Amino acid sequence: MAFPFINSQKSPLWKRIRSDDSTRLRLKYDTYYHIFDRQEGTRVFKDGKEFIMLSSNDYLGLSHHPKIKEAGIEAIKKWGSSTTGARLANGGRIFHQELEERLADFLGKEACHVYSAGYLACASAITGFAERKDLILADKNLHSSLWSGIQLSGARCERFAHNNPSHAAEILGYKETDNNIFVLEGVYSMEGHIAKLPEFVKIAQEYKAFVILDDAHGFGVLGKNGRGTANHFGMTEQVDVLCASFSKSLAGAGGFVASTKEGIDYLRSHSKQTIFSAALSPASCACAQAALEIMQNEPEHQERLFKNLERYRGILANLELDTWESETPAIPIVLGEKEKVYYFWKALLEKGIYAIISIAPGVPPGKDLIRTAISASHTEEDLDRIEEAMTYAKSKI
Ligand SMILES: Cc1ncc(COP(=O)(O)O)c(C=O)c1O
């Protein structure tokens, strides 16, 4: 009897797999893919040791909200685990439609389409609209989901310096085509910078450009009741397409694209990620809807987030740590060299704080950093411990 794994190991590809430096170094330094065996609020546990989670994007601290848990459980009881197929093939369900209507209404857009991952939603926001002959103007520091969408669209792409509207305008000045498309993030996930949306929109209007805004980290955080970056600037109308993930402030899984009704109808005919990927699950849909209601009815979470953010910023400022001028709860600690990042991260772990390393090429050269995110659910005691650990880690580099 032939063993398929023995056959496949004859492929020379296995040589590449076995000699890969990124994988070898990751396994050697054990920096990523940790497994926790228990979680209680902001505390996670591994091998009997407790850590305060300081790198998840649960900005509003809703991941254990009783109303969200209950909504997910009820949805599974009523609808089962999955609709097992793409909506084009075996139809959506009333709960998809309800969530889409509520999201669109909340955001101030006409229509919306929900996806089973934020990555899929954000890639789709581009592939659903951009074509080969179009010109995409992309911020150099975009999230991977947007680069995937750009590549898959086949459109020409010019990258402009991070959050630099005049560089984008300069490129447009000599590259203009019929369809110019801006791709921006509302809040840049690694840097915590807010997009200079008013300036980009002004240029976009001058060049009749289409604006796509990924607001994964602005949704729930900025704007009225967390309506996001476009709402924060009063520019929802001027942004043609909004997309975001449910896995940050909504503390769920999935994502959405919102636009005009015409725009969403068009996307449903053109984006392969929309046409050929299975629908958002009943539980994920119900959890997202419950979280959306909480965002509207319980403003205390957003208030608490900003109170915590103020204290956390103060801690980092007192220690003179470089936070790359982050303006939001996504806060990098830039140390500039991967060795420093590693020792800082180890010291935080030693003191029971869990954060994440991000080094070049994931970040620009010289910007190697520890990426942290503050949550509404961090307690005063958590912040005391974070302060102590940051002081210790600083002393180690
Ligand atoms: C800016 C941005 N867009 C999209 C995504 C993808 O979202 P998800 O992780 O929910 O698939 C992320 C997630 O990190 C993100 O930071």
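Glu-40 stands opposite Arg-43, a residue of strand S2. This pair belongs to a predicted model. Strand S1 and strand S2 (residues 43-46) are antiparallel and share three bridges.

- Four strands, ordered S1-S2-S3-S12, make up an open sheet with mixed pairing.
- Strand S1 (38-40) and strand S12 (353-354) are the edge strands; each has a single partner strand, so one side of each lacks a neighbour in the sheet.

**Helix H15: length**
- Helix H15 has 19 residues (residues 300-318).
- At 1.5 Å a residue, H15 should span 27 Å, and its end C-alpha atoms are 27 Å apart, which agrees.

- Which residues of H15 are buried? They are His-301, Gln-302, Leu-305, Asn-308, Leu-309 and Tyr-312.
- An α-helix has 3.6 residues a turn, so residues three or four places apart point the same way.
- Helix H17 (380-395) is part of what covers the buried residues of H15.
- The face turned away from the buried side of H15 carries exposed residues: Glu-300, Glu-303, Glu-310, Gly-314, Ala-317 and Asn-318.
- Glu-320 follows H15 and has a positive phi, near 55°.

**Helix H3**
- How many of the nine residues of helix H3 (residues 21-29) are buried? The number is zero, so H3 lies largely in the open.
- Asp-30 follows H3, and its phi is positive, near 50°.

Terms used
Residues are numbered from 1 along each chain as its sequence is written. This is a predicted model: local features need pLDDT of at least 70, side-chain atom pairs count only at pLDDT 80 or more; totals for chains, interfaces and linings use all residues. A residue is buried if 20 or more other C-beta atoms lie within 10 Å of its own, exposed if 12 or fewer, and partly exposed in between; C-beta atoms are placed from the backbone. Helices (H or I, at least four residues) and strands (E, at least two) are DSSP runs, numbered from the N terminus. The expected span of a helix is 1.5 Å times one less than its number of residues. Two residues are in contact if their C-beta atoms, placed from the backbone, lie within 7 Å. Two strands pair if DSSP finds at least two bridges between them.
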